[in-house]
Amino acid sequence: MPLLIQNREVGRIRSTAELYDRNPHLQDNARTFRSKPLVDVDPKCLLYVQQREFAATTPADNSVSVIGSDDATTCHLVVLRHTGSGAACIAHCDGSSTSSEIPLLVKAVTSLSDGYNEGRLELHLFGGFNDESKTSHTLSLNILTAFQNLEEDIHLETCCITEMNDVVVNGTHRPIIYGIGVNVRTGDVFPASFTHKGPAEELRSARTFTGGEMVEIYDSRQGLVKIGPCTWSSNLDIAFWLLQSDATILKYLSTSPAAEPPHFVQHMKSTIHFLLDHPNPDSLFPGGQPQLYRRTEGGDWERAAPS
């Protein structure tokens with residue numbers, strides 16, 4: 001079935017502007033969302049999702065009550081939720097392989113919703129802005145098209161993307177919403193920021209930096225974050241980046257240099273340092289097993305032994 005808005009088939013989407021013109025309530029919903037206060041999420045209840053990752057869980061999860069992601073400029077944050085089971089998924093999409101990534105999100109939510117005859121799949125989209133290269137516009141359309149091509153009915157509820165997520169600050173276009181959280185127990189979606197982005201933040205960033213594909217990082221039935229195994233070349237020619245100015249790193253390693261959050265350059269440097277310190281990724285995954293992390297009673301993530 002094509003994408004549905006207010007229980008009506010959307011039809012072909014040629015542009016986000018046309019989508020908003022035909023559905024003015026989506027603009028109203030986006031404005032309402034943008035006006036919500038920014039929530040600084042407690043890391044002790046959080047599962048953070050990095051770029052090119054997704055995670056799904058249910059209200060029965062005793063380890064995670066909020067899933068979230070931020071630092072999205074041209075990237076989009078995709079939330080899919082089943083209203084019957086309460087199962088929810090968040091993904092941080094950068095356009096690397098949108099058509100193959102979106103079905104993974106649907107499968108993750110529907111597999112956690114087996115046995116629920118009531119309820120529907122609801123979609124909430126955030127991210128992008130009016131960037132000069134139109135990268136955001138392209139990704140917005142690709143995500144909408146990917147959902148339209150699914151067999152499942154998908155109900156678009158929130159669409160705060162590209163032009164509806166754009167603000168001009170000192171003559172420069174920037175996103176309004178950089179991050180969102182989802183309260184899995186209530187279904188509430190809200191603007192969010194995150195002080196903690198683990199576990200294994202640098203390892204996960206290194207995986208994406210070296211071209212890793214979209215991956216599911218969480219097993220909600222076991223309460224385990226699973227990372228890797230990952231692969232990258234031991235001959236990566238990246239040390240020269242550490243000799244460059246911050247402005248050069250920003251210019252060449254970002255899709256939207258003028259819109260990045262302040263910590264972007266430091267994040268890139270720490271990721272490069274991690275790769276240089278670990279030229280052989282096999283050493284990070286003894287026996288070819290993933291790194292596993294489980295939540296402690298105190299709310300931190302700790303390394304767990306493979307079963």
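Which residue in β13 does Gly-68 stand opposite? I shall open with that point and then work through the rest of the model. Gly-68 stands opposite Gly-181.

Before going on, a word on the basis of what I present. This is a predicted model, in which local features need pLDDT of at least 70 and side-chain atom pairs count only at pLDDT 80 or more, while totals for chains, interfaces and linings use all residues. Residues are numbered from 1 along each chain as its sequence is written, and side-chain values use heavy atoms, with hydrogens and water left out.

Let me turn to the sheet. Helices (H or I, at least four residues) and strands (E, at least two) are DSSP runs, numbered from the N terminus. Two strands pair if DSSP finds at least two bridges between them. β6 and β13 are part of an open sheet of 5 strands with mixed pairing, in the order β3-β14-β13-β6-β4. At its edges are β3 (39-40) and β4 (46-48), each of which pairs on one side only.

With 33% relative accessibility, Val-39 counts as partly exposed; the scale here calls a residue buried under 20% relative accessible area, exposed over 50%, and partly exposed in between, using a 1.4 Å probe and protein chains only. Leaving aside neighbours within four places in sequence, Val-39 is in contact (heavy atoms within 4.5 Å) with Phe-190, Pro-191, Ala-192 and Ser-193. By contrast, Val-39 and Ala-60 are 21 residues apart in sequence and 23 Å apart in space, C-alpha to C-alpha.

A second pairing is found towards higher residue numbers. Strand β18 (residues 291-295) and strand β19 (residues 301-304) are antiparallel over 4 bridges, and Arg-294 stands opposite Glu-302 in β19. These two strands form a hairpin with 5 residues between them, and Gly-299 in the turn has a positive phi of about 100°.

Next, the interior. A nonpolar core is a set of buried Ala, Val, Leu, Ile, Met, Phe, Trp, Tyr and Cys residues joined through side-chain atoms within 4.5 Å. The largest such core holds 78 residues, of which Phe-147 and Leu-156 touch the most other members. Helix α7 (residues 264-277) gives the most to this core, with 6 residues. Apart from it lies another core of 7 residues, including Leu-46, Tyr-48, Ala-192 and Phe-194. Returning to Leu-156, and not counting residues up to four places away in sequence, its contacts are Leu-3, Leu-4, Ile-5, Leu-19, Leu-26, Leu-123, Leu-125 and Leu-144.

How do helices α6 and α7 meet, and at roughly what angle do their axes cross? The axes of α6 (residues 246-253) and α7 come within 10 Å and cross at roughly 85°. That makes α6 roughly perpendicular to α7, a term covering 65 to 115 degrees, where under 35 is roughly parallel, over 145 roughly antiparallel and the rest oblique. Axes are lines fitted to C-alpha atoms, for helices over the stretch in contact, and the angles run from 0 to 180 degrees between N-to-C directions. From α6, the contact is made by Asp-246, Ile-249, Leu-250 and Leu-253; from α7, by Phe-264, Val-265, Met-268 and Lys-269.

On the cysteines, the structure holds 0 disulfides, a disulfide being a pair of cysteine sulfur atoms within 2.5 Å. For Cys-45, the nearest cysteine sulfur is that of Cys-89, 18 Å away. Cys-45 counts as partly exposed, at 21% relative accessibility. For Cys-75, the nearest cysteine sulfur is that of Cys-93, 8.3 Å away. Cys-75 counts as buried, at 8% relative accessibility.

Finally, the backbone. Most residues other than glycine have a negative phi, and most peptide bonds are trans. The peptide bond from Gly-198 to Pro-199 is cis, with omega near 5°, and Pro-199 is found in the loop between β14 (189-193) and α5 (201-209). In that loop between β14 and α5 is also Ala-200, which has a positive phi of about 55° although it is not a glycine. A cis peptide bond also joins Gly-228 and Pro-229, with omega about 0°; Pro-229 lies in the loop between β17 (224-227) and α6. Lys-134, in the loop between β9 (121-127) and α4 (135-148), has a positive phi near 65° and counts as partly exposed at 44% relative accessibility.
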